[in-house]
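Student: Please take one part of this model and go through it closely, keeping the backbone and the helix packing together in one account.

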Amino acid sequence: MKPSGPSGRSKGGHVRVKTARRRSAQSTAWLARQLNDPYVKQAKADGYRSRAAYKLLELDERFKLLAGVERAVDLGAAPGGWTQVLLRKRAKARVAAIDLLPVDPIPGATILQKNFLDDDAEAMLKDILGGPADLVLSDMAANTVGHKQTDHLRTMALVEAAAHFAVDVLAPGGAFVAKVLAGGADADLVALLKTHFTSVKHAKPPASRKESSEWYVIAQGFKAAPAAGPED
């Protein structure tokens, strides 16, 4: 017997999903959530590859992240929703994107299927940009192993690597946005960002599911390194 599909809509428009052979209760719950998620429906209508596009759109509405962006980096780009937003908002921007997973081509973006932590990844991204970036985005998260503390440490290691890359590649006034977990960025990361940016804030856009532990750290106003003075 083939797995059952959606069983229909209730009077309120809510899609009910039958439990099917070979489908776990968890999978059934996930499917029901997807079918009833207004952001998923809107993403399909607007031609975005994922509901995550609205997280960036909402963050941009609040923090004006995309204004004047000419070069941008999208770390952890798959399936490509954030890169789509970048190029719809800034059609002439040069966008470098990277992910371990394959990402279907997006006109205007150069996409690498590669581990950002590889030794040559940062140099490759810089080569694509051809100059300092105005915006570095990171939606990277480590694969979970089910141990809360370990998962947090693995994801924060990615965020810290992204932050150091941003400090290295951003133009003065640029911005860095990264996904962090519940509790926000840890003290060392916040200290690093406050050293290099004029504003560091945390936000949870409405498109982030309420039950999700994800937050975003938004660092704006990148400070150019002071010019070296004459040697004594």
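**Around helix α4**

Tutor: Pro79 has its place in the loop between β3 (71-75) and α4, where helices (H or I, at least four residues) and strands (E, at least two) are DSSP runs numbered from the N terminus. This is a predicted model, in which local features need pLDDT of at least 70 and side-chain atom pairs count only at pLDDT 80 or more, while totals for chains, interfaces and linings use all residues. Residues are numbered from 1 along each chain as its sequence is written, and side-chain values use heavy atoms, with hydrogens and water left out.

Most residues other than glycine have a negative phi, and most peptide bonds are trans.

Turning to the packing, helix α4 (residues 81-89) lies against helix α3 (residues 53-63) at an angle of about 45 degrees, and their axes are 7 Å apart (axes are lines fitted to C-alpha atoms, for helices over the stretch in contact, and angles run from 0 to 180 degrees between N-to-C directions). The two helices α3 and α4 are therefore oblique to each other, oblique being what remains after under 35 degrees (roughly parallel), over 145 (roughly antiparallel) and 65 to 115 (roughly perpendicular). The crossing of α3 and α4 is right-handed, that is, the near helix is turned clockwise from the far one by less than a right angle. In contact (heavy atoms within 4.5 Å) are Ala53, Lys55, Leu56, Leu57 and Asp60 from α3 with Gly81, Trp82, Val85 and Lys89 from α4. Sorted by class, this contact of α3 with α4 comprises five nonpolar residues, one polar and three charged (Ala, Val, Leu, Ile, Met, Phe, Trp, Tyr, Cys and Pro count as nonpolar, Asp, Glu, Lys and Arg as charged, and the others, Gly among them, as polar).

The crossing in which α5 passes α6 is right-handed. Here Glu122, Leu125, Lys126 and Leu129 of α5 meet Phe165, Asp168 and Val169 of α6, a contact of α5 with α6 that divides into four nonpolar, no polar and three charged residues.
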